Amino acid sequence: MSGTLYLCGTPIGNLEDATYRLIHTLETVDLIAAEDTRNTLKLLNHFQIKTPLVSYYEHNKAAKGPLLAEKLKEGMNIALVSDAGMPGISDPGADLLLLCITENIPVTTVPGPTAMVSGLVLSGMDTRRFVFEGFLPREKKERKAVLETLEKEHRTMIFYEAPHRLQETLEILGKTLGMDRKISTARELTKKFEEVKRGTIASLLAEYEKDAPKGEFVLIVEGYSLQQQKLAAAEDWEKIPLAEHMNRYLEAGMSQKDAMKQVAKDRNVAKREIYRLLHVSE
Ligand code: SAM
């Protein structure tokens with residue numbers, strides 16, 4: 001009978017965030033596959049866990065994946081851990097998981113912390129709808145394509161970034177989304193120097209120019225809001241065809257009735273006129 005692959009969430013800084021179930025699972029599986037064995041060893045030593053470790057990371061996953069799948073099929077239980085947080089979230093894990101799914105090997109999770117959720121909730125921004133973007137691509141063309149899809153993104157956006165690239169990323173986000181867009185940066189979450197800043201892209205850039213960023217960061221960026229759309233509409237409504245003006249509000253989730261009301265207000269005309277032009281009866 002096949003063993004089970006356990007995708008285990010590990011602390012993102014503070015070892016006290018390890019759950020009882022994580023410790024128990026790491027103690028009782030036959031093997032732990034780790035992104036960086038030296039790093040995971042610190043966690044294992046802290047909890048006096050002696051389970052054998054093997055490495056499974058970006059550059060050996062193609063060869064190591066099938067070997068681990070074989071062991072699972074032979075009946076071994078294997079825990080997969082990344083350096084921090086949930087495997088599969090901007091970390092290796094997805095490939096082994098997919099391999100197990102195709103080979104009918106049982107998989108489960110031992111849920112644990114992930115930096116994006118803590119960053120999001122601490123930002124104070126809208127958590128009802130959000131989108132996780134991970135690291136922006138480094139390659140310019142690829143990055144441009146991603147940024148284009150985010151220009152009118154309504155949901156709160158979450159990014160990961162390393163300290164030495166933070167300012168450049170803030171500049172890029174500012175150019176694409178506007179320097180006055182609201183943003184929050186969450187640094188060193190759960191660690192001694194945890195810090196959350198909230199402001200606009202421009203204001204946080206100014207702060208990091210004075211005081212260089214240190215540590216690991218989650219960036220939370222406010223979505224393109226109805227308020228911004230209203231402002232955009234108010235600025236240049238004369239240049240915008242009526243149908244497009246309407247679409248801005250419909251795409252933002254307004255009902256047709258509310259959108260018509262808002263368009264009439266923006267254009268300073270009677271509601272009836274908008275109904276007439278759109279051939280809609282009141
Ligand atoms: N799998 C991890 C997770 O579930 O959050 C993410 C791994 S990714 C390779 C590493 C990035 O996650 C860092 O560059 C940083 O953006 C973010 N991160 C990880 N730990 C963090 C922490 N304690 N505080 C802030 N950001 C963190």
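Predicted model: local features only at pLDDT ≥ 70, side-chain atom pairs only at ≥ 80, totals over all residues.
Residues are numbered from 1 along each chain as its sequence is written, and side-chain values use heavy atoms, with hydrogens and water left out.

View A. Pro111 counts as exposed, because its relative accessibility is 51% (buried means under 20% relative accessible area, exposed over 50%, partly exposed in between, with a 1.4 Å probe and protein chains only). You will find Pro111 in the loop between S5 and helix H5 (115-123); helices (H or I, at least four residues) and strands (E, at least two) are DSSP runs, numbered from the N terminus. Leaving aside neighbours within four places in sequence, Pro111 is in contact with Thr19, Arg21 and Met86, where contact means heavy atoms within 4.5 Å. Pro111 and Arg21 are 90 residues apart in sequence, yet 8.9 Å apart in space, C-alpha to C-alpha.

**View B. An open sheet of 5 strands.** Follow the order S3-S2-S4-S1-S5, with parallel pairing; two strands pair if DSSP finds at least two bridges between them. Strand S3 (53-55) and strand S5 (107-110) stand at the edges with a single partner strand each, so one side of each has no neighbour in the sheet. From one strand to the next, the twist averages 25°. Strand S2 (residues 31-34) and strand S4 (residues 78-81) pair in the parallel sense over 4 bridges, and Ala34 stands opposite Val81 in S4. Helix H2 (residues 37-46) packs on the sheet, touching S2, S3 and S4, and its direction makes about 155° with that of S3. For these angles, axes are lines fitted to C-alpha atoms (for helices over the stretch in contact), and angles run from 0 to 180 degrees between N-to-C directions.

**View C. The salt bridge between Asp95 and Lys61.** Side chains of opposite charge can pair when their charged atoms come close. Here a salt bridge is a side-chain nitrogen of Lys or Arg within 4 Å of a carboxyl oxygen of Asp or Glu, and the count comes to 16 by this rule. The side chains of Asp95 and Lys61 meet at 3.1 Å, N to O. This pair links distant parts of the chain, with Asp95 in helix H4 and Lys61 in helix H3 (residues 61-73), 34 residues apart. Asp95 counts as partly exposed at 40% relative accessibility, whereas Lys61 counts as buried at 18%.

View D. Lys144 counts as exposed at 54% relative accessibility, and Glu148 is partly exposed at 48%.

View E. Glu216 sits in the loop between helix H8 (201-210) and strand S10 (217-221), and Lys191 in the loop between strand S8 (182-187) and strand S9 (195-200), 25 residues apart. Lys191 counts as partly exposed at 28% relative accessibility.
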